[in-house]
Amino acid sequence: MATETHGIYDTEKSQKHAHGVNVTHNEALVSEAKHAADAEQNMTLLKAVKLYPQAIAWSVLLSSTLIMEGYDLALLGSLYASPMFNKKFGTYNEANGKWAVSAAWQSGLSNGARAGEIFGLIFAGWVSDRYGYKMTTIASLILMILFIFVLFFAPNVKVLVVGEVLCGIPWGAFQSVTPAYASEVAPVVLRPYLTTFINMCWVIGQLFAAAVNKGSVNRPDEWAYRIPFGVQWVWPVPILAGLTFAPESPWWHIRHGNREAAKASLLRLTSRNDPTFNVDETIAMIEHTNELEKRMKEGLTYRDCFKGIDLRRTEIVVGIWLVQTLGGQNLMGYFAYFLTQAGMDASNSFSLSMGQYALGMVGTAGSWFLMSRVGRRTIHFSGLCCQLLILIIVGSLSFSGSNGSVWAIGAMLIVFTFVYDFAVGPVTYSLISELSSTRLKAKTIVLARAGYNASNIFVNVMTNYQLSSSAWNWGAKSAYFWAGTCLLSAIWVFFRLPEPKGRTYAQLDLLFEHRIPARKFAQTKIDPFSQGLEDDVKRVSTERKLDKELE
């Protein structure tokens, strides 16, 4: 049986999984895995860039699929400020003499995409496990090319909603696949940069949406909104052409028992000019982590995400993404519409939108510097606290009613965007990819992102009614409501979000298995190869639990 001695717990004998493979007693595998894990944790950023240039390139290409989603979701919020779009798809309001899409149809358009994304996420969770990240993304890109036709030729708002639902399906797939792929093809030191680049892709898409709208908003015909929809065809074709040559994740091959394919993928992801890199040792580390997780749990279904230690991991990953919707970030997507409702003309609002998203790109790039020095938990919590303060200021400025206050609100929302893209936005992608187990990663991300999209339906309905002149017409006072939800989010993060910075997947697996409190993750020392756990943690051995299950 496993033994326990004052704060150091040895579960070496418990490392047997249901198929009878004894990982710990395979001394050659453990030795190679430990050497690879030590080398990865001690790897500098410069060395990682030199060793994994192909992994960086392929991850960036895959992540760029989310430029399309960022573009369209920002596009919709901006088009509500477009006169020709409102005339085509809206109704005439005799009270103010303006055309406008009603709050109900605005909610339908925004939530149509979210509903489609939920279907896409579920589809991608199953397909990516079965056929791999690469094939899932290729199929989604083909669907994307086809579904854009519906948006481009939509004759009325009803067909436009159908187009949003259909486009949401491949967007949902991209949301699931990109963080999983980025986190699996890169070593520990590169992981935060590649996963947070996903947020950069969102911001790039939003910036393009503002720029395209700025250039077309003054057109007197249907091309004022058709050009923005048609620009979406720019992305999928070149991405699809490049992706056909991309390697699959070596982790995916190991989970499917194909060691040779995993080795071939890893060789394609790394440079062959480094004599110190041993591909067999890295494959051994992936195998060791995979077997370690199989020891902890055998299942790979959605139900397994809610069992045992994975229930906590699922709660955290879902919670992190829910915080993204409840922290006031929705006001960024409605920036131009928000300012026009506050009294600014459409052209100036689009100009400020471009400044907003450009600063967001600067913020995301700055987050890479920040994450190399500060923990993810600290960044996330501090960012939420700053967002809370800004939302209170925006709500307070709404009582002035002067032209200067409108510009001040615009300035504060630009600062909000910078804070979000410097802290909460990018670090979220790093956290969700690191805190989910490797074997259940795709399904955990699917559940989390589905929760995100479901909560966004509520958020979009609330925002549309809060800002619409034909509904509640709260204007900037709506920031107070989101300040309240931001406060609740900050409280949850403080008590539930652990610190994964610098940890290998095997270390994170054991920290969760030993039920370390979130605020003690950073201080706890653990060795996944000896299964020793310091910090006076006592726990019933895994072997003892397995023995009971076998009796």
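Which residues does Q507 touch, not counting residues up to four places away in sequence?

Mentor: A word on the ground rules comes before the answer. This is a predicted model, in which local features need pLDDT of at least 70 and side-chain atom pairs count only at pLDDT 80 or more, while totals for chains, interfaces and linings use all residues. Residues are numbered from 1 along each chain as its sequence is written, and side-chain values use heavy atoms, with hydrogens and water left out.

Now to your residue. Leaving aside residues up to four places away in sequence, Q507 touches Q41, G502, I526 and P528; contact here means heavy atoms within 4.5 Å. Q507 sits in helix α24, which covers residues 505-513. Helices are DSSP runs (H or I, at least four residues), numbered from the N terminus. With a relative accessible area of 8%, Q507 is buried. The word buried means under 20% relative accessible area, exposed means over 50%, and partly exposed lies in between, using a 1.4 Å probe and protein chains only.

Let us turn to charged pairs. The structure holds 15 salt bridges, each being a side-chain nitrogen of Lys or Arg within 4 Å of a carboxyl oxygen of Asp or Glu. One of them joins the side chains of K443 and D129, at 2.2 Å from N to O. K443 belongs to helix α22 (residues 441-467) and D129 to helix α6 (residues 103-131), so this pair ties together parts that are 314 residues apart in sequence. K443 is buried at 9% relative accessibility, and D129 is buried too, at 19%.

Another salt bridge pairs the side chains of R259 and D280, 3.8 Å from N to O. This pair links distant parts of the chain, with R259 in helix α13 (residues 259-269) and D280 in helix α14 (residues 279-296), 21 residues apart. R259 is partly exposed at 28%, and D280 is partly exposed at 25%.

K307 and D304 form a salt bridge as well, with their closest N and O atoms 3.9 Å apart. Here K307 is partly exposed, at 45%, whereas D304 is buried, at 11%. Finally, a network of salt bridges links E69, R114, E117 and R449.

Terms used
Helix = DSSP H or I, 4+ residues; strand = E, 2+ residues; numbered from the N terminus.
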